[in-house]
Amino acid sequence: MTQTPLGLFGTDALIDDEDRAIRDTVRRFVDDRLRPHIADWYESAQIPARELARELGSLGLLGMHLEGYGCAGTSATAYGLACMELEAGDSGLRSLVSVQGSLAMYAIWKHGSEEQKQEWLPRMAAGEALGCFGLTEPDFGSNPAGMRTRAKRDGDDWVLTGNKMWITNGSVADVAVVWAQTDDRIRGFVVPTDTPGFSAPEIKKKMSLRASVTSELVLDDVRLPGSAVLPEAAGLSGPLSCLSEARFGIVFGALGAARDCLETTIEYAGARQIFDKPLAGYQLTQAKLADMTLELGKGMLLALHLGRLKDAGTLESAQVSLGKLNNVRESIAIARECRTILAAAGITLEYPVMRHANNLESVLTYEGTSEVHQLVIGQALTGQAAFR
């Protein structure tokens, strides 16, 4: 009797019935709605983002771990498991949900005024309005404190000028949460995308996250009322708190891509005949499968542990860095190793392996590069900040 990779670890026993039911619902959605189309979306670099957002909203997956305002209020672990299933479909799909719920919605939910929450969160939870999160700039990614986007007071208004780069959902968003330098501190602003001076040209010719909308944000003297500022966020801690939320989803999500690669590869190796017996029957193949299963299972145990800590309210940002660093690094290694077993077949979109490997190249660097997370962990261990 054969085992699935995670079945060998028995991790289902560590997931409660409610969280497992949510996971299974998302898995069915991915299998029925996304898998038949994802290769074509990836190849054409086009995705029906707004249509998918409404479907994801109807399932309660947008801002699912937030309380109130039409959000489902699930456990953090359930959110992580949903991210895992979405990324088993494609990293771009998980990115859509992650940016909507853990960046744009979370920023408003955590740092916004009651008026901002009432205006945007119910529509965003339903998928009727899409959001994006403008922090990274062309010259400032790992060092967001150096951002050049400025917000200046003009009477009761704010005027924003600057550029943001690599912004998921930017070209299809109805609202952007934009972070800018002020004369005081970095502040966040809720920017309706139909505001004069705001534009979001889409970034083309990507080799990764092709089934995802990626954009530049251009702010050309965007005038906003005083009520547009997020009142509860001042300084870099505001956007960093949102990034920690999104990184938590990646801890689980990346494993979904790895699991999909590994399960695909096991099935392929069992069917592929080499020298008159299945490829799966060779020692070298089994050694690769065993090593990959070990890393996937360890990553899953780590993710579930961090989920329990988050549900208990004790999860620290350095612990999220442990998860993001390990699980993305191991997931991309699994995807690459799987490609070697599939050989030439592995480079086609008939199989998901190269698509996942390409996507994970982006996941490896966004929301904190591996090097940044190494330094976060190093600071936690030594008390010394080595970022400069």
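1. Among the elements of the protein chain, helix H8 has the highest mean pLDDT (98), and helix H1 (residues 5-9) has the lowest (94). Here pLDDT is the predictor's confidence in each residue, from 0 to 100. Helices (H or I, at least four residues) and strands (E, at least two) are DSSP runs, numbered from the N terminus. For the protein chain the mean pLDDT is 95, with 100% of its residues at 70 or more.

2. This is a predicted model, in which local features need pLDDT of at least 70 and side-chain atom pairs count only at pLDDT 80 or more, while totals for chains, interfaces and linings use all residues. Residues are numbered from 1 along each chain as its sequence is written, and side-chain values use heavy atoms, with hydrogens and water left out.

3. Helix H7 (residues 237-271) packs with helix H8 (residues 283-311) at an angle of about 155°, their axes being 10 Å apart. Axes are lines fitted to C-alpha atoms, for helices over the stretch in contact, and angles run from 0 to 180 degrees between N-to-C directions. H7 and H8 are therefore roughly antiparallel (an angle over 145 degrees). Their crossing is left-handed, meaning that the near helix is turned anticlockwise from the far one by less than a right angle.

4. The contact (heavy atoms within 4.5 Å) of H7 with H8 includes Phe248, Phe252 and Leu255 in H7, and Leu289, Met292 and Leu296 in H8. Its residues divide into 15 nonpolar, five polar and three charged. Ala, Val, Leu, Ile, Met, Phe, Trp, Tyr, Cys and Pro count as nonpolar, Asp, Glu, Lys and Arg as charged, and the others, Gly among them, as polar.

5. H7 also packs with helix H5 (residues 91-111), at an angle of about 150° and with the axes 9 Å apart. H5 and H7 are therefore roughly antiparallel to each other. The crossing of H5 and H7 is right-handed (clockwise). Residues that meet include Ser98, Ser102 and Tyr106 in H5, and Ser241, Cys242 and Ile250 in H7. This contact of H5 with H7 divides into seven nonpolar, six polar and two charged residues.

6. The axes of helix H4 (residues 76-89) and H8 cross at roughly 145° and come within 8 Å. Among the residues making the contact are Leu81 and Met84 of H4, and Met300 and Leu304 of H8.

7. Strand S2 (residues 150-154) and strand S3 (residues 157-168) pair in the antiparallel sense over five bridges; pairing requires that DSSP finds at least two bridges. Ala151 has Leu160 in S3 as its bridge partner. The hairpin of S2 and S3 has two residues between the strands, and Gly155 there takes a positive phi near 65°.

Terms used. Parallel < 35°, antiparallel > 145°, perpendicular 65-115°, else oblique.
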